[in-house]
There are 2 protein chains.
Amino acid sequence: MLQGNVLIAQGGGPTAVINQSLVGAVLAARAIPGVGKVFGARHGVRGIVDEDLVDLTMETQTNLEAIARTPCSALGSTRDKPDADYCKRIFEVLKAHDVRSFFYIGGNDSSDVARIVSDDAKAEGFPLRCVHIPKTIDNDLVINDHTPGFGSAAKFVASAFAGVDHDNRALPGVYIGVVMGRHAGFLTAASAAARIEPDDGPHLIYLPERTFDADAFVADVSRIFASLGRCVVAVSEGVHDADGTPILTKLSETVEKDAHGNVQLSGTGALADLLVGEIKAKTDIKRVRGDTFGYLQRSFLGCVSETDAAEARAVGEAAVRFAHVEDRDGSVVIKRTGDYAAAIDMVDLHEIAAKTKVMDDAFITEAGNDVTGAFLSYVRPLIGGGLPAVGRVRAPAVPKRLG
Amino acid sequence: MLQGNVLIAQGGGPTAVINQSLVGAVLAARAIPGVGKVFGARHGVRGIVDEDLVDLTMETQTNLEAIARTPCSALGSTRDKPDADYCKRIFEVLKAHDVRSFFYIGGNDSSDVARIVSDDAKAEGFPLRCVHIPKTIDNDLVINDHTPGFGSAAKFVASAFAGVDHDNRALPGVYIGVVMGRHAGFLTAASAAARIEPDDGPHLIYLPERTFDADAFVADVSRIFASLGRCVVAVSEGVHDADGTPILTKLSETVEKDAHGNVQLSGTGALADLLVGEIKAKTDIKRVRGDTFGYLQRSFLGCVSETDAAEARAVGEAAVRFAHVEDRDGSVVIKRTGDYAAAIDMVDLHEIAAKTKVMDDAFITEAGNDVTGAFLSYVRPLIGGGLPAVGRVRAPAVPKRLG
């Protein structure tokens, strides 16, 4: 059984359940005989290179459980993308604090960091286990059936679209909601998860897995509006033209990029406003509204999928078991083993690192503007229960008495 | 006891609990001996003038309870502002269907419609009771301590800001969230309701009750950011300059107005983007993000204050009692009678119609950029319980071993 000190950090965008993984790993590590200190790094790898560590061995169980219920990375996060020197410095700090296992909760960039640090340790013959614990609302890690954080964000998006669909039925018009997702459309696709009746919205769903054609978009909206007298649309922030240029980039004068070279898509309402403008300019539909869901999708207090929370806890616990009981490096993965059942496994870090999964073709309709029943079967268990059962007026019409 | 047919309609912006009032009124009316049909008008007064009525006497109790749980006006709504001829037509339709009591669930414009129709009936000697049932997420009806729909929208806004505050603590920067509210800042002020510790955000709150000064805004944000290394800001969509001109209007090239002459403030991310631009242009803060909460605030499925839901049901029931048992016209109001207890009363329609309440000075800090403890005491019972207890890492720092 691997002994020594443990270090845990959180990277990338927060999720509603990322602290479940943190607390799962902390409690599991504290239960391993021979484990000394359980350190946490403040703000991900940035906290490691700055030696900004806290002693999680001192946290009470009560406070850890409160942290587990709290959305967003409790240790703080970072968008830093470590290069080889940065990873060397990480390794130096881990050595200096006698760390024998390093757990990094994050997306595919984080798994790449764990991989490099692991390789450095092997090259020096230093006994260090590096394990990547998955999280991302984008649901875009390969091998994983789905990732912790996605189910809760999907529940938010499904609940939001169920609500705005009722709103749009009460005050008809066109409504466009822009959802997070740069390359993978899973979260935007989840907008359909609370649909029940055939005329429930969203009626159109545009995903980054397909080319976005502005003329086809206007034609689609016009067709639905002519048929239903209203239209609710879900659009991924990452929709792009045939060249792969994001639609937002084509509009925006100043484009902000992060350390990974990614264009800033969130934190601005520009795409929704652009698409609203298209409909207003090219149709005679009067009431056209757009919202950008923004940061609420990943942080909203009190919108958690119980399946997601339980799995996020479980991957944190499993990571410690893999490292300390089985003495292995790797990236923890979730596999679907039933309808619905999931199992936790671990694969080599190289299999996950810096790779991106997108939606299966089987999840997207032929026309490319909606999801299939296969996707709904896929996503609904991840959202879990807890959505209120809704109703609509079914009373018969009253015969007219006036002209 | 007033007998005859009953007609119920819903007007203005939907809320999360407006159907509780509908169902409360329908069930109460069906229980009155001698009441014949209970009609619903599709899309508010528009459905009355079009004779687009449904027979709610035929709805099952099960379906009514499902409707009560469903956000947004189940009968449909309208933004029509009836003039004298329109009200005459309403009265003609009510007469033609032997309606003896008319219930209009809406804001102050709706109470004005009830008032005019009531006056028409009196002028003709037609025995008709007209009752206004309050609802608005803006919480801006006079005499009422608060209005049904506000508590649930306030819960959404408080939950959203609690979440984005954790997000902003994990990935520090400036975050600006724009909240609905044209003249009254109650809903924006509710952003503070989930604050617990002194450094919890939102750290700044800008309300339409005070003049918005862009330079003071930049100075405020810079000061908070210098102190905390981050800053979360809540801004009402209705913030305006010293002349009363909405900040959004000053920016927008094409301004859309509704039938009431109101400038369209929602359904666009322009104000958040404008304010983000101000901070980026006038400070050296790098990470600045803005979200516009939009329609999610009033429609999100599954974000309901239990206090709000119960009171919305109760005002619908009380309206029927006032009209049919006490044979009175009027506007139903909620009064606070304890901490926390509320009572339902009814006042003359003229006292509510077309008047707007704004926040008390006692609810706003001297500097005009935050709310007081008095406001928190006011708002918290309306939001009710149900927000998860959160935690933060309290572990001690680990002494550094490297340089």
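Let's start inside chain B: in helix 14 (residues 373-383), B:Phe375, B:Leu376, B:Tyr378, B:Val379, B:Pro381, B:Leu382 and B:Ile383 are buried, where buried means under 20% relative accessible area, exposed over 50% and partly exposed in between, using a 1.4 Å probe and protein chains only. Keep in mind that this is a predicted model, with local features needing pLDDT of at least 70, side-chain atom pairs counting only at pLDDT 80 or more, and totals for chains, interfaces and linings using all residues. Residues are numbered from 1 along each chain as its sequence is written, chains are lettered from A and ligands numbered from 1 in the order in which they are written, and side-chain values use heavy atoms, with hydrogens and water left out.

**Helix 14 of chain B**

- The buried residues of this helix pack against helix 6, helix 7 (186-189), helix 12 (306-325) and strand 10 (330-338) of chain B. Helices here are DSSP runs of H or I with at least four residues, strands are runs of E with at least two, and both are numbered from the N terminus.

**How the two chains are arranged**

**The interface**

- On the chain B side, 89 residues are in contact with 88 residues of chain A, contact meaning heavy atoms within 4.5 Å.
- The copies meet through the same surface, because 99% of the interface residues of chain B are also interface residues in chain A.
- About 6,800 Å² is buried between chain B and chain A, and carbon and sulfur atoms give 59% of that. This buried area is the accessible area (1.4 Å probe) that two parts lose on being put together, summed over both.
- In chain B, B:Leu301, B:Val393 and B:Val398 lose the most area to chain A, together 10% of what that side buries.
- Between chain B and chain A, 41 residue pairs are in polar contact, both residues being at pLDDT 80 or more. A polar contact is a pair of N or O atoms within 3.5 Å; within protein, one must be able to donate a hydrogen and the other to accept it, and residues adjacent in sequence count only if both atoms are side-chain atoms.
- Helix 6 of chain B gives the largest share of the side that touches chain A, 10 residues.
- That side of chain B divides into 40 nonpolar, 25 polar and 24 charged residues. Ala, Val, Leu, Ile, Met, Phe, Trp, Tyr, Cys and Pro count as nonpolar, Asp, Glu, Lys and Arg as charged, and the others, Gly among them, as polar.

**Salt bridges**

- Over all chains, the structure holds 60 salt bridges, each a side-chain nitrogen of Lys or Arg within 4 Å of a carboxyl oxygen of Asp or Glu.
- Four salt bridges cross the interface of chain B and chain A. B:Arg298 forms a salt bridge with A:Asp167, with the closest N and O atoms 2.6 Å apart.
- A:Arg169 is partly exposed at 21% relative accessibility, and its salt bridge with A:Asp200 has the closest N and O atoms 2.9 Å apart.
- A:Arg169 sits in helix 6 of chain A and A:Asp200 in the loop between helix 7 and strand 7 of chain A, so this pair ties together parts that are 31 residues apart in sequence.
- A:Asp200 is buried, with a relative accessible area of 10%.
- In chain B, B:Arg195 and B:Asp370 meet through their side chains in a salt bridge (3.2 Å, N to O). They link parts of the chain 175 residues apart, and both are buried.
- Shared partners join A:Asp165, A:Arg169, A:Glu197, A:Asp199, A:Asp200, A:Arg230, A:Arg392 and A:Arg394 into one salt-bridge network.

**Around A:Thr78**

- A:Thr78 lies in the loop between helix 3 (61-68) and helix 4 (84-96) of chain A, and A:Thr78 is buried, with a relative accessible area of 9%.
- Its side chain reaches the backbone nitrogen of A:Asp80 at 2.9 Å.
- Leaving aside neighbours within four places in sequence, the contacts of A:Thr78 include A:His43, A:Arg46, A:Tyr104 and, from the other chain, B:Leu171.
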